[in-house]
Each structure stands twice: as C-alpha cells, then as structure tokens.
Amino acid sequence: MNIKLRFAFVLLFIWFNHAAMAQFAGPNAITYNPGNKTYYITNEYGKNVVSLDANNNKATFITGLTAPNNILYADLPIGAGFIVLDSNEIKGYDDAGTYYASFSTSGAVKLQDVVFDTAAQAMYITDVLRGVIYKTTFGAAPFYLPSTVVWSKPHRRPSAMVLQKSKNRILYVEDTLGGNLMAMNLSNGNTSLVKSLGIDNLVGLAEDGQGNLYLSSQGAKAIYQLNKYYAGSPKKLYTEPKPADLYVNVERDQWVYTCIICGTVFTPQLHIFGPGYEIEGCKKDSFTAYRNFLMKNHGTFDQGNQFIMELSNAVSSFANPIKMATVSDTLVPDSIKAAIPNLPAGTGYKYRWRSTKPAIIGAVERFAISPQPNIHVSVSDTVQACAGSTVVLGSGNPKTGLQYQWSPSNAVDSAQNSSVKH
C-alpha cells in the first residue's frame, strides 16, 4: 500500500474568502433579496444602505437617511420591496431602491427591528427606547394605508426579533443588563420568558434552518449560539468590539453578521466540513480520510443525516459521483474509511464529503490513483508496492542459490522467494 497524505489549509482560504470584509461605514442590519442574491446593509455612520452582491461587489443603494437602524426585504402588500427603520420613521422602497412612502408612529422613539408576517399581512416593530412592540396592518388596495397600534408592552427593552409563525409567536431579546430570550404571542401580545440568558445588551437575533439561535451582544462584545432546544448556556462563537445585527441565509448556507466599529460585514458558511488531506494510492487500497480540523463548523445536522464520501471522475467532475463510504451521524465525523475504487490511474480525480440533512456539499480535496508497477529491486532496496504487484529481487533466477527473506511475511505469497506476489 502506498498512501500519501498532505495536510491542506483549506479553511484559511474558505473562511477569509468572504471578501464581504470590504469596508463599510458603521454597518448595522442585514436583509437579503433571493431574486438577485444580494445582501442589503444599513450603514449607521454613512446614513445609507449598501448592497453586496454574490461576487462581493458593493454599491450604495439607498441614500438620504437620518439614522438607519434595521432593514427588511419582504413581499409587502404593494409588492416586493424594503422597509427601513430610520430613527423613529418607517420608510418604504421598491425592490430597485426607489422611495415610495414613509410613516411615523405616535410616540415612537427608536425603532429597532422589524419582521413581516406574510400570511397575516402584518408587520411587527420593536421600539427599544419606548419599550414596546408595534403591530402595523395595511388597508385595502389601491393605497394600502397602514394602521399601527402598540401591540405589546414588555417590561424591559425589546430588541431583535425572529418570527416563529408555526408557534404563533415572535422570539425577541432584550437590549438591557442581563438580557433574556422572550416570546410574544401573536394573537394577544402577551409576553413570556423563554430562557434566562444573563447577557447584557443583546442587539441581534437570527434562527437557522435547524432551529438554533444566534445572538449578538454589545455588552459582552460577543456573538453566541443557542442550541435548538434552548438548553444549556449559549456558546460563545466570536468576540467582536461592537457587533450589531445577525442574519441567517438558509439558501446560501451562510450566517451574516456586522461589526459597527470594524466597518465590516462577515459572511461565513454555516455548515463547513470536509477532508483535510489529499489522497494518493493504488486501486483497491484501503485508506482513512481525516476531516479538516481547522474548519469551524457551527451548523447542526438533523436526525437521519448521512455523511457521504464521494469521488469525481478522472477530470474532477462530480456530475455522476462515485460513493465510496457513508457514515450516519449528526456530528461531523473525525474520519471516514474507504477503499480506492477499481478505476484507471490518474491525478485528475477529486473527492469530497457531503451531508444529507441538511443537504450540504463540503470541501473538496485532490485524489490520485497510482498505476500498478512491476518492480525490480536490489538487495538493499526497500520495496513499496500496490496490492497485486509482482516484485522480483536480483535477477529473479531461483536457481542462483540466493536466499531471500521477506518481512512481514504475511504480506506476500512466499517469504523465501525472489519473485513474490504482494
């Protein structure tokens, strides 16, 4: 067996390739338009909204704002477009960024976050300084005049929200000392404690496709993950000097967060895994593919998930991949064992890991299949050969009287023969 392994520092490229690290001016909140695969970020200091496309090109999208806080892209009653919370005003724009309307709510102080219930055509907005949650409904066509009421009066400062329509509630966090995870009933506005967090000044909240929550705290200067059972303490993922909003993009398997002071928007992958080594060996050789331990995977996997190790064709195409091994697990395995398929020798193969629940394609590594040699060696040589190879010592003439000893003897068909089958 001749297996060559080389450690690959893939993550250093993958992680920092979110060149969304282009500089902004106080980036705060994020939304996403799946139609053009573009993020939109409110710029607190720049007083505008900046777009960031799939190629990490950024451009000024909306200008003339006063104190932009949050932004939402949704299928609104007048059509798909944006809602921008600008200080104590609610401003509407179409999907091209053209302004069409604004309205204010009596007594509003600082509008913090907004979610839209498409089924009910209702919008909910937190006012962090007034300490209330508003509900806005829209009138009939053609004007769709909005009507806003105070829907809930939490006892502490409501901040970021996520809509959980299936549970008829909104989850929100508190921008105060010892902030908690709270729930507001959509039917009556009643609030209840979901989990005591004890984290100061929570300003960001997002939920991934598996139900895990992501929280950002300006008091603790950190970003956390709370598992889908809301059990145990939140896990600290990163430290940031002034984190702001969070957004999880299930379509692109990214979670996005901003750092106001850094002037930075980060778009790392949520699920990131795969082999960390190249593989080279002879067909039918067994091998172990070890995972890349530098990859910081934060996503979780559902029950029944499988990790499948696949091989491309000889020109690196995965159009019809060959399944080499399967591991059933909800945690990324440390290694996967398999055998090299009986395919023509070549250096153009690639191999990868992928998961099934959710369906994520992991990192790719080089895979080379060596040709099987017939080897002639002298007495002083050390021999490494593929399974099935014939190895001949010296002249290969068994009548010379030379004595041969192969070690380990269990690897060959005859321990004392100049020509052996491995």
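Tutor: Strands S2 (27-33), S6 (68-76), S10 (111-117), S14 (158-164), S18 (202-207) and S22 (243-249) each supply at least two residues of the lining of the largest pocket. This is a predicted model, in which local features need pLDDT of at least 70, side-chain atom pairs count only at pLDDT 80 or more, and totals for chains, interfaces and linings use all residues. Residues are numbered from 1 along each chain as its sequence is written, and side-chain values use heavy atoms, without hydrogens and water.

Student: What makes a set of points a pocket?

Tutor: On a 1 Å grid over the protein atoms alone, a pocket is an open set of points where a 1.4 Å probe fits, with protein on both sides within 12 Å along at least five of seven lines; lining residues have an atom within 4 Å of a point. The largest pocket has a volume of about 710 Å³. Of its 28 lining residues, the closest to the centre are Leu72, Val115, Leu163, Tyr247 and Val248.

Student: Which strand gives the most to this lining?

Tutor: S6 does, with six residues.

Student: How do you know that S12 and S13 pair?

Tutor: Two strands pair if DSSP finds at least two bridges between them. Six bridges join S12 (residues 132-138) to S13, so the two strands pair, and they run antiparallel.

Student: Why are S10 and S13 called edge strands?

Tutor: The open sheet has the order S10-S11-S12-S13, and S10 and S13 (146-152) each pair on one side only.

Terms used:
Points joined across faces, edges and corners; volume = space filled by probe spheres on them. Helix = DSSP H or I, 4+ residues; strand = E, 2+ residues; numbered from the N terminus.
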